[in-house]
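Please open the structure in your viewer and keep the sequence at hand.

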Amino acid sequence: QVQLVESGGGLVQAGGSLRLSCAASGGFFSYYAMGWFRQAPGKEREFVAAISRYGGNTDYADSVKGRFTIFRDNAKNTVYLQLNSMKPEDTAGYYCAARGSDSANDTVTLVKNYTNWGQGTQVTVSS
């Protein structure tokens, strides 16, 4: 089973940028489709971005499209989320997730379809 550890969260002003990282260990990283989700206090966990096993396909929530970018480096066992043009409504705990996949092309966008989760990193955007 792969273990995931997120880092890179923090406090940023509106319009600013952050890069989140999710380091994986204990598994064959390129076997896993990866995703980023976020959860604000009192709200359900929501999909942010997903990437296929080798990075050929990506998917984004409409709320972050054009501002966030997901990418991965399989040689470093790491998936990233670049957050640009940030807004106060982006404030949340951000979680990465992994799901083993036989398909090299599929992205996974539903919370229920992921099997492994990190502990999260907090992102706060001030106005």
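Predicted model: local features only at pLDDT ≥ 70, side-chain atom pairs only at ≥ 80, totals over all residues.

**A tour of the salt bridges**

At 49% relative accessibility, Lys65 counts as partly exposed. Select Lys65 together with Asp62: the two form a salt bridge, and their closest N and O atoms lie 3.1 Å apart. Asp62 is exposed, because its relative accessible area of 67% is over the 50% cut-off.

How many salt bridges does a search of the whole structure find? The search finds four.

Next, select Arg38, Glu46, Arg67 and Asp90. Salt bridges with shared partners join these residues into one network. Side chains of opposite charge can pair when their charged atoms come close.

Centre the view on Arg38. Is this residue buried or exposed? Arg38 is buried, since its relative accessible area is 6%, and the cut-off for buried is under 20%.

From Arg38, turn to Glu46. These two residues form a salt bridge, with 2.6 Å between the closest N and O atoms. Glu46 has 36% relative accessibility and therefore counts as partly exposed.

Now select Asp90 beside Arg38. Their side chains meet in a salt bridge, at 2.9 Å from N to O. This pair links distant parts of the chain, 52 residues apart: Arg38 belongs to strand S4 (residues 32–39), whereas Asp90 lies in the loop between strand S8 (78–83) and strand S9 (92–100). Asp90 is buried, with a relative accessible area of 0%.

How values were computed
Residues numbered from 1 in each chain as written. Heavy atoms only, no water. Buried < 20%, exposed > 50% of the residue type's maximum accessible area, 1.4 Å probe, protein only. Helix = DSSP H or I, 4+ residues; strand = E, 2+ residues; numbered from the N terminus.
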